[in-house]
Amino acid sequence: MVTGRGLFCNIVLLQISAWNVAYFFAGEFYPRWITGARRTYIPLQFGGDGHDGVEALAGHLPELLGRRVMEMREEITEVRLRVGSAAELVSAEKSLQEGEPMEEKAIRKIAAGMLEHSLYAWEEELCRGFFSLPGGCRVGVSGRYAARDGQMRELVHIQALCVRVPREIPGCAKEIAAAALQGPRPRGVLLVSRPGMGKTTCLRDLVRRVSEAGWHVGLVDERGELAAMRGATPTLNVGPRTDVMDACPKDQAIPRLVRSMSPDVIAVDELGSAGDGEAVLEAMRCGVTVMATAHASGFSQARRRACLGALMDAGAFPVRALLDGAPGRVADMRICQDGNDGEDGSP
C-alpha cells in the first residue's frame, strides 16, 4: 500500500524524470567538453529529405557559412573549421576561406549541433577522432585529449573539425569492375591513392557494380562513409545484394560477415593495421574475395606497408588500381598473378 508520503515522492520522481527527458531531447544535456554552458544555438534548416550529406552539414553551420556551402553543394568535398582561422571550403579545383577567424566556443557549438541526437553514444568515436553525420559526411576531430593508462579517454578541447562530403561518381569504377568480374568468380581488388583522390567513392561504385552483377557483398562501413546508413537503410547506392555492417571495427566486422552472411565478396575501406590484414587473410582462407582501399601514393609504396605487403604477396589483390589526377580517376591499373605486380621500381 502506498502512503501519502510515498505517493508524493513517486510523483516528484516522475516529474523530475519527465523534465530530464524533455531537456535531453531539447539538447540541454550536452557533455561539458562540447558546450561549457546550456545550448542556445538553433541550426539553420534547409529543405529536402534530410538524407543529403551537404544539406545535413549546412544545417549545422552558422547561417552565412551554411548558405555558402549550399551554393557550392555540387562541388564541395571538404569543410574545415579551425580555431583562429576562417572556415575553409575545399573542392577539387579550389580552396576558399570564408568569414572571420573562428573561436573554440563557436566550433564547440557546431559540434554540439551535429551530435545532439546521440550525445553520449559518440564518446568512443570521438576518442578515435571522427564521427559521422546523416547522409555520410565524416567529421574528423582534432584537439586536446585527456589520457589515462596510455589511452585517449576524453576530448577536452576542440581545435579543428574536418568534414568530408561523400560523392557518388557513377561509372568511376567501370574499368576496375570489368577486370574484377572476368572469370567464374570475382577477383580481389586493391585501390590505392593519396588522400582526397576518391578511394571511398570508387569502392562504393565498385561494390554497387559487383552487387548488381549478382554477387553477394558484405560491406564493412566502419566510418559510415560508404553506405551512409540512416538507421537500417543505406542512403547511398551500394547495390541490391549488399549487406552492410556499420560502425564496427574492420578486424571484427570482416569475420562476423563471413560467419553470418556468407558473402562472395567482402569490401572494406582503408586497410592499415595488422588486425585488418589478418582478418583479410582469414576471409581469403574461407574462400571470400576481398576488395579494399588503402592510403599510398603508388603500388610500391603500398607494398612497403607491412599489412599490405603481406596481402599483396599472398595474392589477395590480383586487380590493383591507382587513383590520381582527380577524384575517381584511374591513373594506373595492373592485373597481377601470384603476387607479382611487375613493378620493377615504378610507382
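This is a predicted model: local features need pLDDT of at least 70, side-chain atom pairs count only at pLDDT 80 or more; totals for chains, interfaces and linings use all residues.

## Stop 1

Start with the open sheet of 7 strands, whose order is E11-E8-E12-E13-E7-E14-E15, with mixed pairing. Select strand E11 (242-246) and strand E15 (330-335). These are the edge strands, and each pairs on one side only. Now look at how the strands sit against each other. On average, neighbouring strands of this sheet are turned by 15° against each other, direction ignored.

Next, select helix H7 (residues 199-212). H7 packs on the sheet. The strands it touches are E7 (189-193), E8, E11, E12, E13 (289-295) and E14 (319-323). Compare directions: that of H7 makes about 170° with that of E13.

## Stop 2: strand by strand through the sheet

Select strand E8 (residues 217-221) and strand E12 (residues 265-268). They pair in the parallel sense, over 4 bridges. Click on Leu 219: its bridge partner in E12 is Ala 267.

Stay on Ala 267. Which residue of E13 does Ala 267 stand opposite? Met 291. E12 and E13 run parallel, joined by 4 bridges.

Carry on to E7. Here 5 bridges join E7 to E13, and the two run parallel. Leu 190 has Ala 292 in E13 as its bridge partner.

Now show the surface around E13. How many of the 7 residues of E13 are buried? The count is 6, so E13 is largely enclosed by the rest of the structure.

While the side chains are on screen, keep one general rule in mind. In a regular strand the side chains alternate between the two faces of the sheet.

## Stop 3

Select Ser 262. It lies in the loop between H8 and E12. Ser 262 is exposed, with a relative accessible area of 53%. Check its backbone: phi is positive, about 45°, although Ser 262 is not a glycine.

Now select Glu 270, in the loop between E12 and H9. Its phi is near 60°, again a positive value in a residue other than glycine. Is Glu 270 buried or exposed? At 12% relative accessibility, Glu 270 counts as buried, because the cut-off for buried is under 20%.

## Stop 4: a pair of helices

Two packed helices are described by the angle between their axes and the distance between the axes. Select helix H8 (residues 250-261) and helix H9 (residues 274-285). They pack at an angle of about 15°, with their axes 8 Å apart. That makes H8 roughly parallel to H9, because angles under 35 degrees count as roughly parallel. H8 passes H9 in a left-handed crossing.

Show the side chains where they meet. From H8, pick Lys 250, Asp 251, Ile 254, Pro 255 and Val 258. From H9, pick Gly 275, Asp 276, Ala 279, Val 280 and Ala 283. The residues of this contact between H8 and H9 divide into 6 nonpolar, 1 polar and 3 charged.

## Stop 5: the six-stranded sheet

Move to the open sheet of 6 strands. The order is E3-E2-E1-E6-E5-E4, with antiparallel pairing. Strand E3 (95-98) and strand E4 (130-132) stand at the edges. Each has a single partner strand, so one side of each is left without a neighbour in the sheet. Neighbouring strands of this sheet are turned by 30° against each other on average, direction ignored.

Zoom in on E4 and strand E5 (residues 138-148). They run antiparallel, joined by 3 bridges. Phe 130 stands opposite Gly 140 in E5.

Two helices come next. Helix H3 (residues 63-71) lies across strand E1 (76-82), strand E2 (87-91) and E3, at about 5° to E2. Helix H4 (residues 104-114) lies across E1, E4, E5 and strand E6 (151-164), at about 90° to E6.

## Stop 6

Select Ile 107, in helix H4. Ile 107 is buried, with a relative accessible area of 0%. Beyond its neighbours within four places in sequence, Ile 107 is in contact with Leu 81, Arg 82, Val 83, Met 102, Ile 158, Gln 159 and Leu 161. Now find Leu 61. Ile 107 and Leu 61 are 46 residues apart in sequence, and 9.3 Å apart in space, C-alpha to C-alpha.

## Last stop: zoom out

Show everything. The protein has 11 helices and 15 strands. Of its 347 residues, 48% count as buried.

Conventions. Residues are numbered from 1 along each chain as its sequence is written. Side-chain values use heavy atoms; hydrogens and water are left out. Axes are lines fitted to C-alpha atoms, for helices over the stretch in contact, and angles run from 0 to 180 degrees between N-to-C directions. Angles under 35 degrees count as roughly parallel, over 145 as roughly antiparallel, 65 to 115 as roughly perpendicular and the rest as oblique. A crossing is left-handed if the near helix is turned anticlockwise from the far one by less than a right angle, and right-handed if clockwise. Contact means heavy atoms within 4.5 Å. Ala, Val, Leu, Ile, Met, Phe, Trp, Tyr, Cys and Pro count as nonpolar, Asp, Glu, Lys and Arg as charged, and the others, Gly among them, as polar. Two strands pair if DSSP finds at least two bridges between them. Buried means under 20% relative accessible area, exposed over 50%, partly exposed in between (1.4 Å probe, protein chains only).
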